[in-house]
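Take a moment with the sequence and the model before reading on. The report below walks through the fold, its helix contacts and a few single residues.

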Amino acid sequence: MQKRRKNLNRLLEKEGLYFGQPKILRILKELGGCDQNTLAKELNCSKASITCSLKRLEKAGLIQDSIGRYDDIDEFTDMLWNSLNEDN
């Protein structure tokens, strides 16, 4: 488990991401995209607390804000999701 986390952290670092962001990507993948309010409810946090992460993910090209709805747009999210689910 620790080795997997280190590998994930290296992968995230390489892409300029932070450790909590895969959870956002996972929810977007599961829901096929959603608005910020839905995402905040799924994460059990305030809309304001995820704004910075969403902007960073958008800047990295991993999500796209299309009229207030964030969509999963990059195959990197699939690779990351598969990496998170290995050994489960």
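## Overall layout

The protein has 5 helices and 3 strands. This is a predicted model. Starting at the N terminus, the elements follow the order α-α-β-α-α-β-β-α. The protein has 88 residues, and 32% of them count as buried. Now take the contacts between residues at least 6 apart in sequence. Of these, 54% join residues at least 24 apart.

## The nonpolar core

In soluble globular proteins, nonpolar side chains tend to be buried together. Here, the largest nonpolar core holds 16 residues. Which of them touch the most other members? They are I24, L39 and L57. Four helices each supply at least two residues of this core: α1 (2-15), α2, α3 (36-43) and α4. The largest share comes from α2, with 4 residues.

Helix α2 has a number of buried residues. They are Q21, P22, I24, L25, I27 and L28. Just after α2 comes G32, which takes a positive phi of about 70 degrees.

Neighbours within four places in sequence are set aside here. L39 is then in contact with I24, I27, L28, C34, I50 and L54.

Helix α2 spans residues 21-31, and helix α4 spans residues 47-59. Their axes come within 10 Å and cross at roughly 75 degrees. The two helices are therefore roughly perpendicular to each other. On the α2 side, the contact is made by Q21, I24 and L25. On the α4 side, S53, L54, R56 and L57 take part. By type, the residues of this contact divide into 4 nonpolar, 2 polar and 1 charged.

S53 is found in helix α4. Is S53 buried or exposed? Its relative accessible area is 18%, so S53 is buried. Leaving aside neighbours within four places in sequence, S53 is in contact with Q21 and I24.

Helix α4 also packs against α3. The angle between α3 and α4 is about 110 degrees, and their axes are 9 Å apart. That makes α3 roughly perpendicular to α4. From α3, the contact draws on Q36, N37, L39, A40 and L43. From α4, it draws on K47, I50, T51 and L54. The residues of the contact of α3 with α4 divide into 5 nonpolar, 3 polar and 1 charged.

The loop between α3 and α4 contains N44. Most residues other than glycine have a negative phi. N44 has a positive phi, near 55 degrees, and is a residue other than glycine. With 71% relative accessibility, N44 counts as exposed.

Another loop lies between α4 and β2 (63-66), and A60 sits there. A60 and E15 are 45 residues apart in sequence. In space, they are 7.5 Å apart, C-alpha to C-alpha. Leaving aside neighbours within four places in sequence, A60 is in contact with E15 and L17.

N9 and F19 are 10 residues apart in sequence and 6.7 Å apart in space, C-alpha to C-alpha.

## Cysteines and accessibility

A disulfide is a covalent bond between the sulfur atoms of two cysteines. How many disulfides does the count come to? The count comes to 0 disulfides, with a pair of cysteine sulfur atoms within 2.5 Å as the rule.

## Putting it together

Helix α4 is roughly perpendicular to α2. Helix α3 is roughly perpendicular to α4 as well.

Key:
Residues numbered from 1 in each chain as written. Predicted model: local features only at pLDDT ≥ 70, side-chain atom pairs only at ≥ 80, totals over all residues. Heavy atoms only, no water. Axes fitted to C-alpha atoms, helices over the stretch in contact; angles between N-to-C directions. Parallel < 35°, antiparallel > 145°, perpendicular 65-115°, else oblique. Contact = heavy atoms within 4.5 Å. Nonpolar A, V, L, I, M, F, W, Y, C, P; charged D, E, K, R; others polar. Buried < 20%, exposed > 50% of the residue type's maximum accessible area, 1.4 Å probe, protein only. Core = buried A, V, L, I, M, F, W, Y, C linked by side-chain atoms within 4.5 Å.
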